[in-house]
Amino acid sequence: FAEDGSQLWLRFPAKNGISADQIIAKGNSPTLNIARKELSSHWQGQTVELRTDKSLKKLKDGYTIKSSQNKIVISAGKEIGLLYGVYHILRLQQNQVSTLNLNITEKPSYDVRILNHWDNLDGTIERGYAGHSLWKWEDLPNIISPRYEEYAWANASVGINSVVLNNVNASPNMLREDYLKKVKVLADIFRPYGIRVYLSVNFASPKVLGGTENSDPLNKNVQKWWKDKASEIYKLIPDFGGFLVKANSEGQPGPQDYGRTHADGANMMADVLKPYGGIVMWRAFVYSPSKDDRAKQAYLEFVPLDGKFRDNVIIQIKNGPVDFQPREAFNPLFGALKKTPEMVEFQITQEYLGQANHLVYLAPLFKETLESDTYSNGEGSTIAKITDGTLRPAKITAISAVANIGEDTNWTGHHFAQANWYAFGRLAWNHELSADQIAKEWITMTFTDNEKFVNPVKEMMLTSRETAVDYMMPLGLHHIFAGGHHYGPEPWGDYKGGRPDWSPVYYHQADKNGVGFDRTKTGSDAVSQYFPPLNEIYGNIKTCPENLILWFHHVPWDYKMKDGKTLWEELCYKYDSGVHEVRDYQKIWDQMEPYIDEQRFAEVQSKLKIQSKDAVWWKDACLLYFQTFSQMPIPYEIERPV
Ligand code: GCW
């Protein structure tokens with residue numbers, strides 16, 4: 001068959017698995033039947049017994065696996081746990097791990113492991129680089145694409161249990177009756193795979209769809225509209241997950257339009273969902289053009305509201321305070337809300353990381369955020385522990401990421417972008433897994449277990465995020481992307497008369513003295529939003545980590561860095577080493593030809609060619625531009641700009 005990447009990491013052995021009498025399981029639910037089918041199609045080991053065991057309910061979606069020579073017993077409180085257990089042993093089989101003496105207990109790090117699709121009803125995808133939307137709204141509810149079930153399968157195999165189908169810049173039409181009937185069809189297909197459907201909602205829906213005089217959350221007619229809508233949704237989809245809301249951000253409507261707060265808006269929705277067990281994920285990605293540093297705005301708006309949200313509201317916070325940059329300091333809102341559950345929003349789709357052209361493995365970025373210590377409850381208050389319920393016993397724990405999936409044959413545009421979907425799922429299940437282990441699993445399952453392939457390719461993946469930072473925005477530089485599409489460099493961008501907070505020059509602040517955004521006390525004082533000792537560490541140029549130095553400081557061009565180079569030289573070397581790293585990836589990849597299929601080999605090779613050209617483009621554009629301020633020579637040891 002064609003190796004077009006359509007099978008993702010789901011390349012279980014094609015020959016027959018165990019026979020029906022080697023599968024011991026009671027019941028006939030759709031979920032159990034999927035588990036049976038997976039075993040009889042792909043499992044080649046011992047007899048498998050699947051047992052539901054009420055005493056294991058505390059493991060939530062988790063399971064135990066115990067095995068001897070002749071038999072494996074998978075037990076779980078819920079049937080979906082049994083299916084996850086089946087994927088676990090299939091993964092072991094694919095990774096050549098012995099399944100003879102297993103004694104495993106798995107419990108997911110988060111209850112809600114959710115993909116956010118930024119898919120529009122017209123089939124386009126905001127920041128999507130893998131073709132149009134998978135959801136064929138025109139065809140639904142009558143024509144059903146086989147990819148709906150394949151999508152559910154892929155998610156279940158890594159433990160993703162929730163999806164938001166539509167863009168956070170939400171069309172009110174999403175809640176129209178005809179669309180809800182289409183949503184129901186998807187929910188029915190996803191359900192046996194343990195996946196619940198959620199929707200992004202437009203705050204102005206009552207007025208736009210229902211003709212209420214406004215969408216004020218304190219207006220009784222508005223509340224009634226939402227209540228009726230919730231009842232209509234739950235009649236169609238009894239296990240509907242809830243709403244995701246982008247309000248009063250980038251021009252979207254919200255409660256502030258009526259002088260109300262985010263809490264007023266979120267609580268109104270929470271109240272109508274509560275009777276059905278639904279939740280509201282309210283986004284903290286809010287900012288507007290103002291004198292205040294954009295990086296401070298979420299904290300300023302949300303901290304005063306701490307404790308005012310209903311218990312079925314969770315605040316969804318982007319990993320950094322600006323916008324999914326190659327590297328950001330973590331968002332200071334994490335840990336700052338003491339009485340309100342918080343969840344991370346990552347971006348799998350590579351809006352700011354070379355889109356579908358660059359090979360950038362994101363697990364190291366995800367891990368960097370999750371392992372960041374906020375010090376909110378003293379040392380060890382990592383973002384992982386704040387969000388997984390360890391430090392904030394929360395009714396709901398969740399983790400989300402913006403999907404990179406589209407209708408491209410290989411789902412994600414770049415073959416290696418599949419790894420980022422996979423890695424998010426695996427970390428949502430267990431945030432303690434290492435980026436290294438996840439990469440190894442994924443490579444083995446997706447390509448081959450030949451070490452001559454696995455080791456060099458894994459090395460390339462593990463370094464790829466830092467490489468992208470080096471050739472795009474080293475040392476804490478950020479948001480110097482070309483306006484609108486955010487693909488290439490435009491550090492000179494100065495949208496006078498437009499939005500200054502979208503202008504690259506606002507973020508790098510280069511002048512003849514130096515470069516970087518002063519977020520210390522002498523500048524925007526964003527550092528004071530961090531708990532001690534981080535406020536001091538970040539606020540002092542001597543102790544600020546160098547990989548964030550230009551995020552927090554305006555640094556003189558001739559500032560001496562730890563390695564003795566001047567800031568200017570360091571910048572030159574970083575850009576240059578990013579270029580060299582990508583060229584090394586090309587060389588590594590060229591040697592991989594014997595180990596894998598021709599099609600994926602050639603497609604990755606040609607993407608690396610683009611990435612390598614782009615890296616040079618970034619380096620030349622940024623260094624030549626910044627040189628107009630530094631007035632310093634490019635160190636002769638590095639390749640001169642072309
Ligand atoms: O990253 C920015 C994107 C917008 C996006 C917005 C958001 C969905 O450029 O396209 O809108 O963030 O997260 O709301």
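I call a residue buried if 20 or more other C-beta atoms lie within 10 Å of its own, exposed if 12 or fewer, and partly exposed in between, with C-beta atoms placed from the backbone.

The model is predicted; local features need pLDDT of at least 70, side-chain atom pairs count only at pLDDT 80 or more, and totals for chains, interfaces and linings use all residues. Residues are numbered from 1 along each chain as its sequence is written.

I looked up the UniProt record, an unreviewed entry, and it places the feature "active site" at E250, D323 and E351. UniProt positions follow the numbering used here, feature names are shortened, and annotations may be inferred rather than shown by experiment.

E351. I found E351 in the loop between β12 and α9 (363–370). Helices (H or I, at least four residues) and strands (E, at least two) are DSSP runs, numbered from the N terminus. E351 is buried because 22 other C-beta atoms lie within 10 Å. Leaving aside neighbours within four places in sequence, I list R127, F324 and H486 as its contacts (C-beta atoms, placed from the backbone, within 7 Å).

D323. I placed D323 in the loop between β11 (313–318) and β12 (342–347). D323 is buried because 20 other C-beta atoms lie within 10 Å.

Ligand. I noted W118, E126, R127, V168, N169, K246, E250, F285, D323, F324 and E351 around the ligand. The cut-off is a C-beta atom, placed from the backbone, within 6 Å of the molecule.

The unreviewed UniProt entry lists residues 412–637 as "domain: Glycosyl hydrolase family 67 C-terminal". I read 52% helix and 2% strand for this span, with its end C-alpha atoms 38 Å apart.

Note on methods. Two residues are in contact if their C-beta atoms, placed from the backbone, lie within 7 Å.
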